[in-house]
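Morning, everyone. Please have a look at the structure on the screen, and then we'll walk through it together.

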Amino acid sequence: MSTQPMIEVDHLTKYYGDFPAISDVTFNVAKGEVLGFLGPNAAGKTTTMRVITGFLPPSQGTVRVAGYDVVADSLEVRRLVGYMPETVPLYTDMTVKDYLAFMGTIRGMSRKAIERRKSEVTEVCHLEQYYGSLIGKLSKGFRQRVGIAQAILHEPEVLVLDEPTIGIDPIQVVETRQLIKSLGGQHTVIVSTHILPEVSMICERVIIIHEGEIVTVDKPENLAARLEATEHINMEVRGPTAAVVNVLRSVPGVQDVSFSPQADLKARYALVGRRGEDLREALAKAVVEHGWGLVELAAVSMTLEQIFLRLTTAEEA
Amino acid sequence: MRNIRAILRKELGTYFASPMAYIMAGVFLALTGVFFVNSVDQPFAEASVRGLLATSSFFLLTLVSPLLTMRLFAEEQKLGTLELLLTAPVRDYEVVVAKFLASFVMLASMALATLFYAALLAYYADPDLGPTFSAYVGFLLYGAATLAMGLLASTLSSNQIVAAVVGFGLILVFTLVDQVSNILSGTVARVLERLSLSAHFDAFNRGVIDTADIAYFLILMAVFLFLTIRSVESRRWR
């Protein structure tokens, strides 16, 4: 086994007309790695994936899969890749069985291999009861599974999954994540998402992409540490605002307090504390001891939007 | 070859699974029935399919071909399945050829059904089998050329109606181009006349199989299939 990366993306730029959907993106993916691609909509995730799968050619730069160039050796690359586009396009007038057989055939699998893998992926993706059903009659969640089933059918070296958990119910999301995680090791997987916790659950490494450029590349746990250097807490308290602010400030660990008055003598307070310290109990105690009414107390987890805001502004600073 | 067969089988499955194919075959047969009766139900009528196929090629192929091909690429673009098809290790020309063959099989099976009229003639009269054969050869070549045009139109839009209308327009131009030559003269008129689909079909219908006419239909078909392949490829440089 060589140490050569499975996927090499080198200074990749893709224009749509004059508009660069991605510009100067460079990263590698090691064999067997599960790489997360995190970014808001229109960040360039799908475009990057389309270049890797050979659907769109790069405008500038090169992309290699297992050493094959996606433009010059397009057929070789396409043989190695299993792909599920974001919209999970399927032939709605085919049965699951026929569809899998068709996808297997055009990917050059032997008839025997198709028969064997058809039943294997059906089992892995829990499609047994819909094996003979028309795809058009399946619910969104099951179509998603068919999409994954066709992507892994030919046991591809590289698996590219564009937003595989979007639009399916929570139980299926959990199952899909487990499935993707289990595919790592034998397959090299690139999975895009805009859900932060999802990345830490299934990926070994994360690339955050924003407006067509890579903002950061890191392991999910490091990323969380970097992003959450502080804890944010929101409170709503009934009481004299000036006194409340003073008391809250005096709680050890609180770095900053701001407030906005509400009706009925109440006010909302936004607190910033040191990371790794849960201040909620101390804060509750402080408020109650002074006889004020504690209406609400909640730790705030950062939304993806805030994270992007922070990452992009940090880059500029 | 294996890819072409797989895609061809899938497309035929889709044709026969949808009501569209049956409706079209029904309309096709109803109209050819009218044309047939019109061509034989007159004084001194001759026992031939000439009138039937002349009218059919002119009126039906212009309409039926774009309807047969409109779905082939437009729907895949709309559903997004083209993305999966083209990221599979399949060459662009294999996709185009397979889809073309699927539409041709559909058209040929409709034409096959009209052999019923020829059989009817053979039962009641003594038709000349030579011209009947040549007319069907011509009809299928005519059909193949128009299907290639319809297929190109289908790659140009993700809307089936748009694809059908563009295909219809394209075929109509090649059907009627010799009408324009009537008001022109000289070389231009002769070239336009030579470009016309219906003019080249006439010889077949008279019982003449001319290699020039065969070449005309095959070249026209090849050119439009080539353009279709380029159109599918164009996502690479667009």
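Let's start with a question. Does Glu211(A) count as buried, exposed or partly exposed, going by its C-beta neighbours inside 10 Å? Buried would take 20 or more, and exposed would take 12 or fewer. Glu211(A) has 16, so it counts as partly exposed. Please keep in mind that this is a predicted model.

Where is Glu211(A) found? In the loop between S9 and S10 of chain A. Those two strands form a hairpin, with two residues between them. Glu211(A) is in that turn. Its phi is positive, about 50 degrees, although the residue is not a glycine.

Here is another residue like that. Asp24(A) also is not a glycine, and its phi is positive, near 50 degrees. Asp24(A) sits in strand S2 of chain A. With 14 other C-beta atoms within 10 Å, Asp24(A) is partly exposed.

Now back to the hairpin. S9(A) and S10(A) pair in the antiparallel sense, over five bridges. For example, Ile207(A) has Val217(A) in S10(A) as its bridge partner. What about burial in strand S9 of chain A, residues 205-210? Five of its six residues are buried, so the strand is largely enclosed by the rest of the structure.

Next, the sheet around that hairpin. It is an open sheet of six strands in chain A. The order is S6-S7-S8-S3-S9-S10, and the pairing is mixed.

Which strands stand at the edges? Strand S6 (81-84) and strand S10 (213-218) of chain A. Each has a single partner strand, so one side of each is left without a neighbour in the sheet. On average, neighbouring strands here are turned by 15 degrees against each other, ignoring direction.

Look at strand S3 of chain A, residues 34-38. On one hand, five bridges join S3(A) to strand S8 of chain A, residues 188-193, and the two run parallel. Within that pairing, Gly36(A) has Val191(A) as its bridge partner in S8(A). On the other hand, four bridges join S3(A) to S9(A), again in parallel. There, Leu35(A) stands opposite Arg205(A) in S9(A).

A helix packs on this sheet too: helix H5 of chain A, residues 140-152. H5(A) touches S6 and strand S7 (158-162) of chain A. Its direction makes about 170 degrees with that of S6(A).

Chain A has another open sheet, of four strands. Read the order as S2-S1-S4-S5, with antiparallel pairing. The edges are strand S2 (19-29) and strand S5 (68-69) of chain A. Each of these has a single partner strand, so one side of each lacks a neighbour in the sheet. Strand S4 of chain A, residues 60-65, pairs with S5(A) over two bridges, in the antiparallel sense. In that pair, Val65(A) stands opposite Tyr68(A).

On to chain B. How many helices and strands does chain B have? 11 helices and zero strands. The radius of gyration of chain B is 19 Å. The globule rule gives 18 Å for 238 residues, which is close, so chain B is as compact as a globular protein of that length. Its C-alpha trace spans about 60 × 45 × 30 Å along the principal axes. Of the 238 residues of chain B, 45% count as buried. Take the contacts in chain B with a separation of 6 or more: 76% of them join residues 24 or more positions apart.

How do the chains meet? 20 residues of chain B are in contact with 21 residues of chain A. On the chain B side, helix H1 (2-17) and helix H4 (81-86) each supply at least two residues. H1(B) gives the most, with seven. By class, that side has nine nonpolar, six polar and five charged residues.

Last topic: the nonpolar cores. The largest has 136 residues. Tyr99(A), Ala145(B) and Ala148(B) have the most contacts inside it. Helix H7 of chain B, residues 129-155, brings the largest share, 13 residues. Leaving out residues up to four places away in sequence, Ala145(B) touches Leu197(B), Phe217(B), Leu220(B) and Met221(B). A second, separate core has 12 residues, including Val237(A) and Ala267(A).

How values were computed. Residues numbered from 1 in each chain as written. Chains lettered and ligands numbered in written order. Predicted model: local features only at pLDDT ≥ 70, side-chain atom pairs only at ≥ 80, totals over all residues. Core = buried A, V, L, I, M, F, W, Y, C linked by C-beta atoms within 7 Å. Contact = placed C-beta atoms within 7 Å. Pairing = 2+ DSSP bridges. Rg over C-alpha atoms; globule rule 2.2 N^0.38 Å. Nonpolar A, V, L, I, M, F, W, Y, C, P; charged D, E, K, R; others polar. Axes fitted to C-alpha atoms, helices over the stretch in contact; angles between N-to-C directions.
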